[in-house]
Amino acid sequence: MFLVGLTGGIASGKSAVSSMLRELGCPIIDADVVARRVVEPHTPAYSRIVYHFGPEILLENGEIDRQKLGELIFANEEKRKLLNSITHPEIHKAMLKEILLYFLRGYRYVVLDVPLLFETRRLTQFLNHTVVVYCDPATQLLRLMQRDGLTQEQAEQRVAAQMPLNEKRGMANHVIENSGSREDAHRQVLKLHTKLEDSMDFLLVRVIALAATTGLGGILLYAAKILLS
Ligand SMILES: CC(C)(COP(=O)(O)OP(=O)(O)OC[C@H]1O[C@@H](n2cnc3c(N)ncnc32)[C@H](O)[C@@H]1O)[C@@H](O)C(=O)NCCC(=O)NCCS
Ligand SMILES: Nc1ncnc2c1ncn2[C@@H]1O[C@H](COP(=O)(O)OP(=O)(O)OP(=O)(O)O)[C@@H](O)[C@H]1O
């Protein structure tokens, strides 16, 4: 059993690549999907977001106005850090539960689609493989503006809220070059899938190694911290 981290920059093509992997039978946990679920009305994160950001970030139906909250946090680092401090522990907790369920269902590995994988770093030590979906800055901006109907300034704000994609590319052990066609990306995904299927990595070995280096107490403490935080 092992874990694969899939990341990149906003609009670099993570969802496009994860859809290709899903079609090949890989179990995918999409952090953006989990992030939407953990802020649904009356969840702990929802209550804290309303407390800190006020009812003005709500729609008439009581759900979070994602466009309004997005405009707020992408233009202000302090507000973005506050939102992250509320949402990220809930996202990680929910993802951990999904990972356990996939392993109990007998999957040999799980792909975690996490936009902020290298920014938050909480998951990286448990990953046997990290994949960055890269595309050149101009293509990234264009795709983001076209997909989300953003102005160039809004798109640049969102890109600037993340670690530079070039930096992430240097931190991963697999890179999908996605500045070109979908067909080109798909050919690379097929090669990546073969590598994952042939991989003999075991998460258990990594956890045991971590326990050995930090002492069993360290691993139990860390697991408790993730689950309870
Ligand atoms: C700010 C919010 C309301 C904007 O919602 P919206 O529907 O417009 O965007 P969506 O959630 O689909 O995110 C689109 C992309 O924005 C980027 N992004 C989202 N949140 C953040 C953040 N806190 N910092 C940097 N980039 C972010 C990611 O690349 C993400 O894939 C929403 O993104 C959010 O709640 N973010 C906080 C939770 C989070 O950090 N999610 C990222 C998953 S690790
Ligand atoms: N190779 C490609 N050629 C053309 N368009 C692409 C390609 N890859 C992705 N796209 C398009 O670019 C946009 C961004 O891609 P995608 O949504 O997969 O990025 P993402 O990394 O998941 O974004 P986010 O961080 O917002 O979740 C989408 O409209 C998608 O259809």
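## A first look at this predicted model

Phe-2 is buried, and Tyr-109 is too; buried here means under 20% relative accessible area, exposed over 50% and partly exposed in between, with a 1.4 Å probe and protein chains only. This is a predicted model, where local features need pLDDT of at least 70, side-chain atom pairs count only at pLDDT 80 or more, and totals for chains, interfaces and linings use all residues. Residues are numbered from 1 along each chain as its sequence is written, chains are lettered from A and ligands numbered from 1 in the order in which they are written, and side-chain values use heavy atoms, leaving out hydrogens and water.

**Aromatic pairs**

- Rings of Phe, Tyr and Trp (its six-membered ring) pair if their centres lie within 6.5 Å, with planes under 30 degrees apart counted as stacked, over 60 as edge-to-face and the rest as tilted.
- By this rule there are two aromatic pairs.
- The ring centres of Phe-2 and Tyr-109 are 5.0 Å apart and their planes are at 15 degrees, so this pair is stacked.
- Phe-2 belongs to strand 1 and Tyr-109 to strand 3, so the pair ties together parts 107 residues apart in sequence; strands (E, at least two residues) and helices (H or I, at least four) are DSSP runs numbered from the N terminus.
- Tyr-102 and Tyr-107 form an edge-to-face pair, 5.3 Å centre to centre with 85 degrees between the planes.
- Tyr-102 counts as buried at 16% relative accessibility, whereas Tyr-107 is partly exposed at 30%.
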